[in-house]
Amino acid sequence: MFDDIKPHLIELRKRLGISVVAVIIMTIIMWNFHDALLAWITKPLVDALVATAKISQKAAMGMIVTRELSEAFFVAMKVSFFAGLLAALPVILAQIWLFIAPGLYTNEKKMMIPIVVGGTVMFLTGAAFAYYFVTPIGFAFFIEFGSASFVPMYNIGEYVEFFTKILFGFGLAFELPVVCYFLALLGLIDDKMMIGFFRYAIVIIFIIAAVLTPPDVISQILMAIPLIVLYGVSILIVRAVNPAPKVDPYIEEDEEETID
């Protein structure tokens, strides 16, 4: 049995190795731009401070602090890795494709291409939605709520962790239509099943939002609402790919008369 799966394990190790090397190389490249990346990451917080606290951009930057001597270095490393992982995403997806493609039929290979492309696009869309819409609203709310009683000072390490969790969380959450498309292609779900599951889906969506976002109600709500909309879009996608079979009412009546 081990001899049968050994070639697959060797191939998997090769693909994982290439992916890891790609991430390392892109992380090293992104290290040269860590100052610009940090400026991009902190921009939503600085803009929220300027708009809410009515202070200058320089004063807002002064509110972002470090608490340890080495923290700035490790934050730069974390930011470089985060950017390197995103930059290496096409290589990682290509390695996943090269690993599973030999075991697929021609029609299944055609099915995987839109899934990989769509998955990448939806991840980036979710991250962009979090950056340009969610973080400005969330940061403005938290700053305005706490500034009346406390002097705000924001630790850069905690902020970067908070920021990356939001972006990755929204990126993953926006994969819902792609996952539903894949399941519909396999014939595992149809639009009637998804409509019937809608009430339970709302509960699951709020649970997922609680897991993927930082522990605050604002972020959870801001993720849950677009996810509910995406669930509706997913129903339309599934209806186009694998619609539920329509039952002729006259046939049902004939069957009931036969049973009687």
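Start by selecting F198: this residue is partly exposed at 32% relative accessible area (partly exposed sits between buried, under 20%, and exposed, over 50%, using a 1.4 Å probe and protein chains only). Before going on, know that this is a predicted model, where local features need pLDDT of at least 70, side-chain atom pairs count only at pLDDT 80 or more, and totals for chains, interfaces and linings use all residues. Residues are numbered from 1 along each chain as its sequence is written, and side-chain values use heavy atoms, leaving out hydrogens and water.

Next, jump to W40. W40 is partly exposed, with a relative accessible area of 37%. W40 belongs to helix α2 (residues 34-53) and Y131 to helix α6 (residues 106-147), so their pair ties together parts 91 residues apart in sequence. (Helices are DSSP runs of H or I, at least four residues, numbered from the N terminus.)

Back to F198, this time with Y231. They form a tilted aromatic pair, 5.7 Å centre to centre with 50° between the planes. (Rings of Phe, Tyr and Trp, the last by its six-membered ring, pair if their centres lie within 6.5 Å; planes under 30 degrees apart are stacked, over 60 edge-to-face, and the rest tilted.) Y231 counts as buried, at 7% relative accessibility.

Which residues share one aromatic cluster with W40? Select Y131, Y132, F139, Y159, F162 and F163 along with W40 to see that cluster.

Last stop: L85, L86 and A87 in α4, which meet L89, P90 and I92 in α5 (contact means heavy atoms within 4.5 Å).

Terms used
Helices (H or I, at least four residues) and strands (E, at least two) are DSSP runs, numbered from the N terminus.
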